[in-house]
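Subject: Structure handover

Hi,

Here is the structure for you to look over. My notes follow below it.

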Amino acid sequence: MRMEHKKWVALHLMMVLVVMASMLEGSKGISLCNMSEDGLMACKPSVTKPNPVDPSPECCKALTEADLKCLCSYKNSLELPILGIDPTLAASLPAKCNLTPPDNC
């Protein structure tokens, strides 16, 4: 493996760890873009392949309180697939919950 590639892989892994660590909020658990851990878990079956389901009412409620522009910033994220989340399915959730996604999302 070339040295530049090793450095890129190491940097990427560090970024993943930083993102995951920043999502921890003490005893509150994971939070992302104003979605609580419960909201994230409610939406996970809808963004996980191979058999995603329609979003539950709990998922849609969590999305109404979420920062959709922030969530949209993860659209091309390399971290989501590592967490088992399909970015394309995630980007389709607001429309499935009758929410208007941000422009250019």
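Is cysteine 59 buried or exposed? Cysteine 59 is buried, with a relative accessible area of 0%. Buried means under 20% relative accessible area, exposed means over 50%, and partly exposed is in between (1.4 Å probe, protein chains only). Areas come from the Shrake-Rupley method with a 1.4 Å probe, and for residues only the protein chains shown count as cover.

Some ground rules before the rest. This is a predicted model, where local features need pLDDT of at least 70, side-chain atom pairs count only at pLDDT 80 or more, and totals for chains, interfaces and linings use all residues. Residues are numbered from 1 along each chain as its sequence is written, and side-chain values use heavy atoms, with hydrogens and water left out.

Overall picture

The chain has six helices and zero strands. From the N terminus on, the order is α-α-α-α-α-α. Helices (H or I, at least four residues) and strands (E, at least two) are DSSP runs, numbered from the N terminus. Of the 105 residues in the chain, 29% are buried. The chain exposes about 7200 Å², and carbon and sulfur atoms supply 60% of that area. Among contacts (heavy atoms within 4.5 Å) with a separation of 6 or more, 64% are between residues 24 or more positions apart.

Disulfides

There are four disulfides. The criterion is a pair of cysteine sulfur atoms within 2.5 Å. Number the bonded cysteines in sequence order and the pairing reads 1-5, 2-3, 4-7, 6-8.

- Cysteine 43 to cysteine 59: the sulfur atoms are 2.0 Å apart. The S-S torsion is about 105°, so this disulfide is right-handed. Cysteine 43 lies in helix H2 (residues 37-43) and cysteine 59 in helix H3 (residues 57-65), so the pair ties together parts 16 residues apart in sequence. Cysteine 43 is buried, at 5% relative accessible area.

- Cysteine 60 to cysteine 97: here too the sulfur atoms are 2.0 Å apart. The S-S torsion is about -75°, so the disulfide is left-handed. Cysteine 60 sits in helix H3 and cysteine 97 in the segment after helix H6 (87-96), so the pair ties together parts 37 residues apart in sequence. Cysteine 60 is buried at 16%, and cysteine 97 is buried at 10%.

- Cysteine 72 to cysteine 105: the S to S distance is 2.1 Å. With 130° about the S-S bond, the link is right-handed. Cysteine 72 is in helix H4 (residues 68-72) and cysteine 105 in the segment after H6, 33 residues apart. Cysteine 72 counts as buried, at 15% relative accessibility, whereas cysteine 105 is partly exposed at 31%.

Nonpolar core

Which residues have the most contacts inside the largest nonpolar core? They are Met35, Cys43, Cys59, Leu63, Leu93, Cys97 and Leu99, in a core of 14 residues. H2, H3 and H6 are the elements that give two or more residues to this core. H3 provides the largest share, four residues. A nonpolar core is a set of buried Ala, Val, Leu, Ile, Met, Phe, Trp, Tyr and Cys residues joined through side-chain atoms within 4.5 Å.

Leaving aside neighbours within four places in sequence, leucine 63 is in contact with Met35, Cys43, Leu68, Leu71, Leu93, Pro94, Cys97 and Leu99.

Best wishes
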